[in-house]
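Open the model in your viewer and keep the selection panel at hand. The tour goes from selection to selection, with a short note at each stop.

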Amino acid sequence: FLLEESVADMMIAALPPLAYTGPAVEARHAHAVGSVDIFIAGALWFPAAGAAWVRHRGRKLSAADGSLSLVNSRNSSGIDSYGSYFRTAWRWADRDEANATAPFAFETAVRRYESHVAFEQTFLSGASATATGDKDGLVSGYPSFRLPASAATDPVRRGYLSYQGQMVGAGYKTGEWEASAAGVG
């Protein structure tokens, strides 16, 4: 999808194209299927909040309840304009379409570079009846991270950049990453 690639480019474009000398960034498979925790210099910075999910045929399919079933996972590595990366991808299917001629296929992935991570969602076979009834509703959820209760209880200060609006990048919000953050999502 052109839109998907543009989103990834916008999220990563803010990073300087210089050699990275900061702490190592690592994405680790978390407790829930299809979720990841993000570590920086060995410390947990962004804990996973839940499993991958997607809307299809008027239903919310979730890895948490098994309605979105894991078909396979695979690892790969490569080099692109952002540098060398290690990629883990999970391919998902609608549990109820397992024997269909053309089953629904959805993929989530994380690319780990030396200085950052990039997340991907790919609708391999499209999706139908994804409407939520809410103009601000989401069609899919991956990744999702738990917000700290407050900046006072969490010694690590983090910020966020959230693209928003009718078209990705039409607007944005920035702020401190904590439970009272008004622009996350």
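A salt bridge here is a side-chain nitrogen of Lys or Arg within 4 Å of a carboxyl oxygen of Asp or Glu. This is a predicted model, where local features need pLDDT of at least 70, side-chain atom pairs count only at pLDDT 80 or more, and totals for chains, interfaces and linings use all residues. Residues are numbered from 1 along each chain as its sequence is written, and side-chain values use heavy atoms, with hydrogens and water left out.

**Stop 1: the sheet**

Select β6, β7, β8 and β9. Strands are DSSP runs of E with at least two residues, numbered from the N terminus. Two of them pair if DSSP finds at least two bridges between them. The four strands make an open sheet in the order β6-β7-β8-β9, and the pairing is antiparallel. β6 (68-80) and β9 (117-123) are the edge strands, each pairing on one side only. Neighbouring strands of this sheet are turned by 15 degrees against each other on average, direction ignored. That angle is taken between lines fitted to C-alpha atoms, and angles run from 0 to 180 degrees between N-to-C directions.

**Stop 2: β8 against β9**

Now select residues 105-112, which form strand β8. β8 and β9 pair in the antiparallel sense over seven bridges. Pick E107: its bridge partner in β9 is T122.

**Stop 3: E107 and R74**

Is E107 buried or exposed? E107 is buried, at a relative accessible area of 5%. R74 is partly exposed, at 36%. Buried means under 20% relative accessible area, exposed means over 50%, and partly exposed is in between (1.4 Å probe, protein chains only).

**Stop 4: R95 and D96**

Select R95 and D96. Their salt bridge has its closest N and O atoms 3.8 Å apart. R95 counts as partly exposed at 42% relative accessibility. D96 counts as exposed at 55%.

**Stop 5: E120 and R111**

Select E120 and R111. In this salt bridge the closest N and O atoms are 2.7 Å apart. Both E120 and R111 are buried. Then widen the selection to R74, D80, R87, R91, E107, R111 and E120: salt bridges that share partners join these residues into one network.

**Last view**

Show every salt bridge. How many are there by this rule? The count comes to ten.
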